[in-house]
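This report concerns the pockets of a protein model and the residues that a database record annotates. The sequence and structure are shown first.

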Amino acid sequence: MGGYRVGIGYDIHRLERGFPLVLGGVPLAHDRGLKAHSDGDALAHAIGDALLGAMGLGDLGAHFPDTDPAYRSVSSLHLLERIQGLIQERGARVVNVDSTLILESPRVGPHVDEMRERLARALSLNPEQVSVKATTNERLGALGRAEGIAAMAVALVEVTGA
Ligand code: MG
């Protein structure tokens, strides 16, 4: 049945030395990066999970298992391209994505537009359809101690077809 479907996504990765920091497909200069099997792009992962959720297609881990060597250090933008393919195959289209990064540092404000552009390109969308916001955790808890970076996202898709 056609109509609109909403999905939610959340991801968190630990910040450790020796790993790159990539958020929304944008490499950021920082003393630590996100520890992960892939490139650790928590923002792209949250968005991917929101899109899969809207389509009722399970989660990122089910589609791209972290035990699969094919996904070692893979660009998470590539995973978003794959997800866009799944959406298109099912005759659906993404209406919009909204997201929030939760991190104490580095400051991502100057990079948000670039993130929106790269995420949008991977999803065959316009940057206007992909919102990226950022907030700190007010120094509270593990995120507040900058032990990691988290991201939340929602996505709306329109499903056409019978
Ligand atoms: Mg992840």
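## Second largest pocket

In this predicted model, the second largest pocket is lined by Leu103, Glu104, Ser105, Pro106, Arg107, Val108, Gly109, Pro110, Ala134, Thr135 and Thr136. Five of the lining residues are nonpolar, four are polar and two are charged. The volume of this pocket is about 160 Å³.

## Largest pocket

The largest pocket holds about 270 Å³ of space. Its lining comprises 16 residues, of which Ser38, His45, Leu60, Phe64 and Asp66 are the closest to the centre. Strand E1 (3-16), helix H1 (42-55) and helix H2 (60-63) each give two or more residues to this lining. By class, the lining of the largest pocket contains eight nonpolar, five polar and three charged residues.

## Annotated binding site

An unreviewed UniProt entry carries the annotation "binding site" for Asp11, His13 and His45. These positions are spread over 35 residues of sequence, yet they cluster in space, with a largest C-alpha distance of 10.2 Å. Asp11, His13 and His45 are included in the lining of the largest pocket.

Asp11 is located in strand E1. Its relative accessibility is 16%, so Asp11 counts as buried, the cut-off being under 20%. Beyond four places in sequence, Asp11 touches Ala42, His45, Ala46, Ile149, Ala150 and Ala151.

His13 also lies in strand E1, and its relative accessibility of 14% classes His13 as buried. The side chains of Asp11 and His13 are joined by a polar contact of 3.0 Å.

Key:
Residues are numbered from 1 along each chain as its sequence is written. This is a predicted model: local features need pLDDT of at least 70, side-chain atom pairs count only at pLDDT 80 or more; totals for chains, interfaces and linings use all residues. Side-chain values use heavy atoms; hydrogens and water are left out. On a 1 Å grid over the protein atoms alone, a cavity is a set of points where a 1.4 Å probe fits but cannot get out, and a pocket is an open set with protein on both sides within 12 Å along at least five of seven lines; lining residues have an atom within 4 Å of a point. Grid points are joined across faces, edges and corners, and a volume is the space filled by probe spheres set on the points. Helices (H or I, at least four residues) and strands (E, at least two) are DSSP runs, numbered from the N terminus. Ala, Val, Leu, Ile, Met, Phe, Trp, Tyr, Cys and Pro count as nonpolar, Asp, Glu, Lys and Arg as charged, and the others, Gly among them, as polar. UniProt positions are given in the numbering used here, feature names are shortened, and annotations may be inferred rather than shown by experiment. Buried means under 20% relative accessible area, exposed over 50%, partly exposed in between (1.4 Å probe, protein chains only). Contact means heavy atoms within 4.5 Å. A polar contact is a pair of N or O atoms within 3.5 Å; within protein, one must be able to donate a hydrogen and the other to accept it, and residues adjacent in sequence count only if both atoms are side-chain atoms.
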